[in-house]
Amino acid sequence: MFGLVAAATSGYLPARLFLDIPSGFSLGDLSPLTLADLAAYLAASLVLLIGAIATFFRATAGAVLLIAGALLALGALLLEPALSGSPAYVQYFRTLLRFENFAALDRVALAAAVLLVLVLAGLPRTFGYLRYRVPAVPASSPSRQW
């Protein structure tokens with residue numbers, strides 16, 4: 001479930017940016033680092049979504065995808081303060097923790113969900129649960145004992 005939350009919150013920022021692009025402005029006008037950050041958010045959202053769906057079907061690859069998507073989303077979160085030139089991480093996270101707008105709340109929710117996904121998907125019990133297969137029942141009919 002946290003993977004789905006992380007996928008939704010990771011996809012919010014690029015989707016909102018694409019919807020709010022003013023007329024006469026294009027993505028080519030953005031800096032390469034900004035484009036890389038948006039691509040990382042979108043890729044993290046996609047990988048987290050696929051990983052969450054795969055874990056519902058008890059696929060071990062789903063946990064690996066969740067871990068990869070969480071690391072990608074964390075990388076995008078940590079790249080964002082560096083977009084302004086000098087990375088001011090303390091000021092960036094202070095601004096986020098003020099919860100002044102929905103974008104700040106989205107990033108804090110993303111950080112919390114991603115950390116939970118990393119911890120829960122990386123647990124050995126998670127991989128044990130995903131690897132366990134129910135024994136198959138024989139296809140033959142039961143014998144009659146009179």
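What share of the 146 residues of the protein chain counts as buried? The share is 29%, where buried means under 20% relative accessible area, exposed over 50%, and partly exposed in between (1.4 Å probe, protein chains only). The structure is a predicted model, in which local features need pLDDT of at least 70, side-chain atom pairs count only at pLDDT 80 or more, and totals for chains, interfaces and linings use all residues. Residues are numbered from 1 along each chain as its sequence is written, and side-chain values use heavy atoms, with hydrogens and water left out.

The protein chain holds six helices and zero strands. Helices (H or I, at least four residues) and strands (E, at least two) are DSSP runs, numbered from the N terminus. Along the sequence the pattern reads α-α-α-α-α-α. Contact means heavy atoms within 4.5 Å. Of the contacts between residues at least 6 apart in sequence, 69% join residues at least 24 apart. The chain exposes about 9,300 Å², and carbon and sulfur atoms supply 71% of this area. Accessible areas come from the Shrake-Rupley method with a 1.4 Å probe; for residues, only the protein chains shown count as cover.

An unreviewed UniProt entry places the feature "transmembrane region" at residues 38-57, 64-84 and 104-123. UniProt positions follow the numbering used here, feature names are shortened, and annotations may be inferred rather than shown by experiment. In the model, residues 38-57 are 95% helix and 0% strand. The end C-alpha atoms of this stretch are 29 Å apart. Residues 64-84 are 76% helix and 0% strand, with end C-alpha atoms 32 Å apart.

Ser10 sits in helix H1 (residues 2-19). Ser10 counts as buried because its relative accessibility is 0%. A polar atom of the Ser10 side chain lies 2.8 Å from the backbone oxygen of Tyr41. Not counting residues up to four places away in sequence, Ser10 touches Tyr41, Ala44, Ser45 and Leu110.

One salt bridge was counted. The term denotes a side-chain nitrogen of Lys or Arg within 4 Å of a carboxyl oxygen of Asp or Glu. Glu80 pairs with Arg107 in a salt bridge, and the closest N and O atoms are 2.8 Å apart. Glu80 lies in the loop between helix H3 (60-79) and helix H4 (89-96), and Arg107 in helix H5 (residues 102-122), so the pair ties together parts that are 27 residues apart in sequence. Glu80 counts as buried, at 15% relative accessibility. Arg107 also counts as buried, at 12%.

Gly122 is likewise in helix H5. Gly122 is partly exposed, with a relative accessible area of 41%. Its C-alpha atom is separated by 7.4 Å from that of Ala63, 59 residues apart along the chain. Leaving aside neighbours within four places in sequence, Gly122 is in contact with Ile67, Val117 and Phe127.

A nonpolar patch on the surface consists of Met1, Leu49, Ile53, Phe56 and Phe57. Together these residues have about 580 Å² of accessible area. Patches are made of residues with over 30% relative accessible area and no salt bridge; like charges are joined within 9 Å, and nonpolar side chains (Val, Leu, Ile, Met, Phe, Trp, Tyr) within 5 Å. Ile53 belongs to helix H2 (residues 32-56). This residue counts as partly exposed, at 40% relative accessibility.

Methods
Polar contact = N/O pair within 3.5 Å; in protein donor to acceptor, adjacent residues only side chain to side chain.
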